[in-house]
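Here is a short note to read alongside the model. Please keep the fold in view while you go through the points.

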Amino acid sequence: MITLDQAADAAIATFQSLRSLSGEVEAAARVVGECLIGGGKLLVCGNGGSAADAADFTTEFTCRFVRDRRPFPAINLTACGSFLTATGNDYSFDEVFARQVRAFGKPEDVLVAISTSGNSRNVIAALKAAREVGVTSIALLGKSGGEARALAGIELIVPGTETARIQEAHKFLLHVICQMAEEGWLLKS
């Protein structure tokens, strides 16, 4: 059985590893900020806990993160149960995000795709669809990046093998991107 100290040590080690992503995080925040002030929208997807992170991330832009400011368009591609189940039934679950990227995505938009393993077939399909329609993409991945590695314009790959620690790091990175985008671009618009 793991102890709290062991879990904390593992989390601290994972968070320390994020320092190597500084340039990529700044690039992601710039892309997000410029997209939103330029009239584009965010499309965000993930499965399970990453779906919850997608919901939180989009809410930070349509509501607010820290400071009061105007709302910005951010669409949680995991939100519509009827669409997800119809697409899963009529096509396959692999297509639930890609079809929405093709439906809603424009070249001025940004897809943020989240997968702790990097091997989620529907996330991979969404990244490929983004490329097809000219949508800029940011991928938050874990471990080695999995099959999704090299499919996004900006990759934030959290090293490690524990899904929980990777997911905690993804949540942190998403909040940092929110704060950087809000302070750097959104509050000035």
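The points below cover the sheet, then the helices.

1. Basis. This is a predicted model, in which local features need pLDDT of at least 70, side-chain atom pairs count only at pLDDT 80 or more, and totals for chains, interfaces and linings use all residues. Residues are numbered from 1 along each chain as its sequence is written, and side-chain values use heavy atoms, with hydrogens and water left out.

2. Sheet. Five strands make an open sheet, ordered β2-β1-β3-β4-β5, with parallel pairing. β2 (74-76) and β5 (154-158) are at the edges with a single partner strand each, so one side of each has no neighbour in the sheet. From one strand to the next, the twist averages 15 degrees. Strands are DSSP runs (E, at least two residues), as are helices (H or I, at least four), numbered from the N terminus. Two strands pair if DSSP finds at least two bridges between them.

3. β4 (residues 136-142) pairs with β5 in the parallel sense over five bridges. Gly142 stands opposite Val158 in β5.

4. Helix pair. The axes of α3 (residues 49-62) and α7 (residues 163-184) come within 10 Å and cross at roughly 10 degrees. α3 is therefore roughly parallel to α7 (angles under 35 degrees count as such). Axes are lines fitted to C-alpha atoms, for helices over the stretch in contact, with angles from 0 to 180 degrees between N-to-C directions.

5. Contact residues. Gly49, Ser50, Asp53, Asp56, Phe57, Glu60 and Phe61 in α3 meet Gln167, Lys171, Leu174, His175, Ile177, Cys178 and Ala181 in α7. Contact means heavy atoms within 4.5 Å.

Notes:
Angles under 35 degrees count as roughly parallel, over 145 as roughly antiparallel, 65 to 115 as roughly perpendicular and the rest as oblique.
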